[in-house]
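Open the model in your viewer and keep the selection panel at hand. This tour goes from one selection to the next and says what is there.

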Amino acid sequence: MYDFSADSADCARSVEAGLSDYLTGARLSGPGPAADRVIAAMRHGALEGGKRLRPLLVRQAAAIFSVPREASLQPGLAVEMVHCYSLIHDDLPAMDDDDLRRGRPTVHKAYDEATAILAGDALLTHAFAVLADPACHPAAETRIRLVAELAAGSGAGGMVGGQMRDIEGEKGGFSEGDIAVMQAMKTGALIRASVRMGAILGGAEPRALSALTAYAEAAGRAFQLADDILDVTATPEAMGKATGKDAALGKQTVVSRLGVDGARKMLDGIVNEALIALRTFGPKADGLRATARYFATRQK
Ligand code: GRG
């Protein structure tokens, strides 16, 4: 039987070790040696903490196609590097202006703003080097598909575009539909890319890939809604952040519209949608099933 706690803890350990290994001068150097300060800032932003959910999704989607855990690690590290870069930049004064992340000073507080921008840039860039590395997958075509998938999830049509829409939406005038699109891009696109990268690693046929995409899109909505609920119900300490900022700023969310109980009901429905998308897969999809359920019950 699939054990979510054991698998997620094992994945988090592998990700921590893998990131620590990849974020060293020897691995990062291009034509010249990388600057120690930017490496230290990258390590501050990427190591120690984080639930490592995106690499877990890569692993669980790949497991459906019997891809061994070790073979899904490197693509998972690449997604996590992009995720960590986005958090470093999101915390900057020009964006959310946060002092704490994962219970520790944000990168611009521990270093300075310029270093935090560069550390984020370098994590983003390095993610694609990690995918292009032949150790990631023996087939160049698969590596190219992984690169394209991560780029699509991260860029202006994905996470960055969602962040831009979020900033624009702060001026007001966003409809419910606008908010849904913004969230699907800002938070959902990287979750979608993670699942699809696992499927690509496994050589998924188009029909399986579209079922897993449907799962990922529902899981992304569940993740975001759970985050909005936690924003008003969890203590800042449990969340590892300074405040429940969206709630404090009075931002329009499903929770402010439906209340906590209504939002929880909606969350259960979305998790169910994610589970339905997996109905053609057997027990090898139990990992993805468990993660969808975890999204609805998580406390941080
Ligand atoms: C700055 C390019 C750019 C994008 C920012 C990721 C993001 C886009 C903003 C973060 C703001 C936020 C709190 C969004 C809600 C969902 C989210 C991404 C939460 C953090 O992800 P977790 O819970 O974090 O997976 P850990 O710390 O576990 O890795």
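**Stop 1: two helices side by side**

Select helix H11 (residues 206-233) and helix H14 (residues 254-277). Their axes come within 9 Å and cross at roughly 155 degrees. Axes here are lines fitted to C-alpha atoms, for helices over the stretch in contact, and angles run from 0 to 180 degrees between N-to-C directions. Helices (H or I, at least four residues) and strands (E, at least two) are DSSP runs, numbered from the N terminus. H11 and H14 are therefore roughly antiparallel to each other. The cut-offs: under 35 degrees is roughly parallel, over 145 roughly antiparallel, 65 to 115 roughly perpendicular, and the rest oblique.

Now colour the contact of H11 with H14 by class: it has 20 nonpolar, one polar and four charged residues. Ala, Val, Leu, Ile, Met, Phe, Trp, Tyr, Cys and Pro count as nonpolar, Asp, Glu, Lys and Arg as charged, and the others, Gly among them, as polar.

Before moving on, two notes on the model. It is predicted: local features need pLDDT of at least 70, side-chain atom pairs count only at pLDDT 80 or more, and totals for chains, interfaces and linings use all residues. Residues are numbered from 1 along each chain as its sequence is written.

**Stop 2: H10 against H11**

The axes of H10 and H11 come within 8 Å and cross at roughly 140 degrees. H10 and H11 are therefore oblique to each other.

Select the contact next. On the H10 side, pick residues including Gln183, Thr187, Gly188, Ile191 and Val195. On the H11 side, pick residues including Leu209, Leu212, Ala216, Phe223 and Gln224. Two residues are in contact if their C-beta atoms, placed from the backbone, lie within 7 Å. By class, the contact of H10 with H11 divides into 11 nonpolar, six polar and four charged residues.

Zoom in on Gln224, which lies in helix H11. Is Gln224 buried or exposed? With 24 C-beta neighbours inside 10 Å, Gln224 counts as buried. The scale: buried means 20 or more other C-beta atoms within 10 Å of a residue's own, exposed means 12 or fewer, and partly exposed is in between; C-beta atoms are placed from the backbone. Gln224 touches Gln183, Thr187 and Gly188, not counting residues up to four places away in sequence. Draw a distance from Gln224 to Gln183: they are 41 residues apart in sequence and 7.2 Å apart in space, C-alpha to C-alpha.

**Stop 3: H1 across H5**

Select helix H1 (residues 4-22) and helix H5 (69-90). Their axes come within 10 Å and cross at roughly 75 degrees. H1 and H5 are therefore roughly perpendicular to each other. Show Ser14, Val15, Gly18, Leu19 and Tyr22 of H1, then Leu73, Gly76, Leu77 and Glu80 of H5; these make the contact. They divide into five nonpolar, three polar and one charged.

Stay on Tyr22. With 22 C-beta neighbours inside 10 Å, Tyr22 counts as buried. Leaving out residues up to four places away in sequence, Tyr22 touches Arg27, Leu77 and Val130. Tyr22 and His126 are 104 residues apart in sequence and 9.0 Å apart in space, C-alpha to C-alpha.

**Stop 4: around the ligand**

Select the ligand and its shell of 16 residues; the closest are Gly50, Lys51, Ser86, His89 and Gln163. A residue belongs here if its C-beta atom, placed from the backbone, lies within 6 Å of the molecule. Which helix gives the most to this shell? H5 does, with five residues. The shell divides into five nonpolar, six polar and five charged residues.

Click Ser86, found in H5. Ser86 is buried, with 22 other C-beta atoms within 10 Å.

**Stop 5: two positive phi angles**

Go to Ser66, in the loop between helix H4 (53-63) and H5. Its phi is near 60 degrees, a positive value in a residue other than glycine. Ser66 is exposed, with 8 other C-beta atoms within 10 Å.

Finish at Asp97, in the loop between H5 and strand S1 (100-101). Asp97 has a positive phi of about 55 degrees although it is not a glycine. Asp97 is partly exposed, with 13 other C-beta atoms within 10 Å.
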